[in-house]
Amino acid sequence: MSDFRLAHVILNPADQAGPREKLTRRTLLARGLFGVLGLYLGHRGFTSPSAWAFDPLLPADKPGKAKAVIQIWLWGGPSHLDTFDPKPDAGNDYTGPFTNPISTNVPGIRINELLTELAKVADKYSLIRGMTHGVNAHETAAYLVQTGRMPGDRIVAPAVGAVVSYFKGQPPEYQSLIPPYIVLTEPQGRFSEAGFLGPKYKPFATGGDPSKTPFTVEGIVAPGMTQSRQRERRELLAKLDILRQTVSDHPQIQELKQAEEQAYDLILGSSGKAFDPSEEPQELRQKYGTTTFGQSCLVARRLVERGVRYVTINSKGWDTHKEHFQAMRRKLPDLDRGLATLIQDLADRGLLESTLIWCCGEFGRTPKIAWEPPWNGGRHHYGKAFSVLVAGGGFKGGQVVGATDKTGSEVVERPVYPTDLIGSIYTLLGIDPATTVRHPQGQMVRIVPTPEEGAPSAGLLKEIMTV
Amino acid sequence: MKTFQPLVLRILSVTLLLLVPALLARGEEAIEPFDSGQPFTVNNRIDEILAKKWKSLGIQPAQICSDGVFVRRVYLDVIGTLPTAEEAQRFIDDTSRNKRQRLIEELLDRPEYADYWTMRWGDILRIKAEFPINLWPNAVQAYNRWLWSALATNKPYDQFAMELLTSSGSNFRVGAVNFYRATQDRSPKGIAQAVALTFMGERAEKWPPERLEGMAAFFSQISFKPTLEWKEEIVTWDPFHATESGDPPPQEAVFPDGVKIKLPADRDPRKVFAEWLVSPKNPWFAKNIVNRIWYWLFGRGIIHEPDDIRTDNPPVVPELLSYLESELVQSKWDLKHIYRLILNSNTYQLSCVPRSQHPERDTYFACYPLRRLEAEVLIDAICQITGTSEDYWSMVPEPYTVVPQGERAVRLGDASITSAFLEMFGRPPRDNGLESERNNRITAGQRLHLLNSSHIARKIEDGRGLEWFFASSGNPRAKVTRLYLTVLSRYPTEKELAVIAETAKAQRSLSRQAGVDLVWALINSSEFLYRH
């Protein structure tokens, strides 16, 4: 015991950096995607390995165009007028300073003048300008847009990401060590993504900031921790965990061991590199934008490239009641660079065909500007009409669906309800929107609600789907 | 060591152990540090009933647990709090015979008892400000205040239920009225379902529809009247309350046991139902709660799931359940009396190391079951050890809920106030009040977080609670001993001290790092993460 001294020492900086493994995409795929067992084996496979065989709820395995989804969630609700549905002739009370929407590479489609990069790839995405639900409260609208349901019908429905993870992110189909459903970087606060499907379908939230080096992914990448120290720690834990040694065959301990093996496969293996944007060429990183949002887009691409099924990028700060236009000048260029580069980059790699992108907030913002104090040129919540950008995964590019009136206040052509958008996403993934899943209280719940359940619909987005 | 075993017997068993070790093998030898070396003996009626059962099935129960295990277990189970090093040490070093019984009494009287059980009750009462329950923050506060003081004063359980079912008044001022507001469906049927689940342990959605309808009639005259204050509602009896279809409320109701009644015009039907419910003869009322307490303390009900009571889901030991029911009625609905009976039983004090491979060993409670600490208890314990705190807040809706710095997660009282950690570790959303909403199963994501997150690493390295351990001064052996008492609530074994000394020797130049790694290892051990 006398040798056991505890004193402050400075760690050797060389030791902190750790060995940098140089990996090719192929080895990553080999080790990660087709590696041992899914990280979230806890899902279905865990309790009963044959659970799949007994689950009558799974739809027939229909191949979809889309293999993965990237959801860009503009939390707070961006103005449709100042992004994808400009109304330059509506007058100063509606346009504010943005009176010169720019042409895109698709004749006839014009978007906000700050979205210069997105203007160059308009042939690769479509704009839904007739999105509507009429709800002006953040939480209700966020729930509605991501589940298709109005709250209050006794169930807490899972969001699109959890449903995709449920149907597409479980073994044997999904075998990656990386969780199938990932949020960059923070979850949406109160919003329970998994709903009644339960915690195992919750997204893995990375935490940290991908624009910082290293991108500290909570739990996977620990700054200053070398692989050799990780291994020594693991040995120490094994030696000291007396309970585990004593009742090693206890089911709870077995479960712990299994979870721990999966965790260490990620910590010590190479899968964690999927989260590391510093492996990308500097030029490309710059193109995405060196911000949290830009680098999140880049990491999202790296993740879907490795088979991750659903990535949500939560972009905050769109709830611009006050000094809205100043905020837009800050935020739009960031969105523009990140999103346009993501679309182009996926297209360049041949991944846009199989990667579906959808980008919107929970609602739009009031077309009429509140010039008076305290708003000083603000826009408030507006659920009656807003826009969604969709790209890839079987969505056509260069199309506009629906239209609003002269001031962007009413949908006058082809309304699109949340159920229509969500149903279309599921269809492109090969998940039948009429599929039901079992609620813990017994009843069967449709993954997309019907008009009879109080959820309006104007039909799937067939006009822009290539299926 | 609390035991009433005569000394002679103990000497005899020790002698036997020395004489015929091969015969007894693992049967009698104490497994350090979990067993006490004392075989199971009968201490009270619970033990007697179960011992009979074990004997008939040929199940050998585990040994009585060690003092270190007991002090940790009973703190976690009764007050949801880890004992401090000092508390653990004081108890282990105490040589008085009835120290376990005294500790149980002490804990039942602590304010943390009410904190912890307010949390557990809050789960099944669905206390949540926001979607989908939408109680609203002020109402959550009022409800929690009522609940906390009811538990702290050990309000007789019949009165407890009576107040929840029959109170009238403002949701901001009369906490108990929120019982009727804390459901996703406030229709008479939705309320009847919540009442059946909470107080009868039955899932009314499995009932024939006419049975639910008959019970719903008792709750068809409740009105929720708004006031001038934002989100305030007066919950009250309104005999003229119209149904959704505009018809007058039904005049007849049917109790869940099938007895029909014409609702008297001059009485609140909620009271009529509540009086039927809290009668000592009611077949559900006492059964549900004693079974739930058993479930809360053992992680497994005598009827299991505890909130799925039905004729085709019988108790595993009917005699045990009816004994506890009669004790509750005879004690005039004293819930702490039931806790006391269970906690003082040697069944509760069994070690987690099983002595039988019988497949039904766990079903019959022949050893203490391992369970991962609840999300809130786990983070509170880590904060206590490391001297750190977590930030909790709720920004939507106004009024914002600001949680004071250093507040424990167990005391949050509102499922709308949460954190990534609590979410990840299966804290219940309180959406439907089922016990299964709380998920204590370990996942790979949780394991990653505990093993390798900066959140936990920062707590260990920067927390003020362990400064004494990382300080360069002090006797290493004494410090490791105190660390074990702090994290695992027991003394380290000689074997453990040897392993640590060896590791330290191997890493001589990195002794602070070795210290950090040791704390990390203990916090990541199953002994820390699980009730055992």
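This is a predicted model: local features need pLDDT of at least 70, side-chain atom pairs count only at pLDDT 80 or more; totals for chains, interfaces and linings use all residues.
**Ground rules.** Local features need pLDDT of at least 70 and side-chain atom pairs count only at pLDDT 80 or more, while totals for chains, interfaces and linings use all residues. Residues are numbered from 1 along each chain as its sequence is written, with chains lettered from A and ligands numbered from 1 in the order in which they are written.

**Chain A.** I looked up the secondary structure and got 14 helices and 16 strands. Both are DSSP runs numbered from the N terminus (helices: H or I, at least four residues; strands: E, at least two). Chain A has 467 residues, and 55% of them count as buried. Buried here means that 20 or more other C-beta atoms, placed from the backbone, lie within 10 Å of the residue's own. Next I checked contacts, meaning residue pairs whose C-beta atoms, placed from the backbone, lie within 7 Å. Of those in chain A between residues at least 6 apart in sequence, 74% join residues at least 24 apart.

**Chain A against chain B.** I find 60 residues of chain A and 69 residues of chain B in this contact. On the chain B side, the helices that each supply at least two residues include α18 (444-452), α21 (476-488) and α23 (511-523). That side divides into 30 nonpolar, 24 polar and 15 charged residues. For the classes, Ala, Val, Leu, Ile, Met, Phe, Trp, Tyr, Cys and Pro are nonpolar, Asp, Glu, Lys and Arg are charged, and the others, Gly among them, are polar.

**A helix pair in chain B.** I picked α3 (residues 45-57) and α14 (residues 318-330) of chain B, which pack at about 165° with axes 9 Å apart. Axes are lines fitted to C-alpha atoms over the stretch in contact, and angles run from 0 to 180 degrees between N-to-C directions. α3(B) and α14(B) are therefore roughly antiparallel, the word for angles over 145 degrees. From α3(B) come R45(B), I46(B), I49(B) and L50(B), and from α14(B) come E319(B), L320(B) and Y323(B). By class I get five nonpolar, no polar and two charged.

**Domains of chain B.** The assignment gives domain 1 (156-277) and domain 2 (281-347); such bounds come from an automatic or database domain assignment. Their centres, taken over C-alpha atoms, are 25 Å apart. I see 13 residues of domain 1 of chain B in contact with 16 residues of domain 2 of chain B. On the domain 1 side, α10(B) gives the most, with three residues.

Key: A residue is buried if 20 or more other C-beta atoms lie within 10 Å of its own, exposed if 12 or fewer, and partly exposed in between; C-beta atoms are placed from the backbone. Two residues are in contact if their C-beta atoms, placed from the backbone, lie within 7 Å. Angles under 35 degrees count as roughly parallel, over 145 as roughly antiparallel, 65 to 115 as roughly perpendicular and the rest as oblique.
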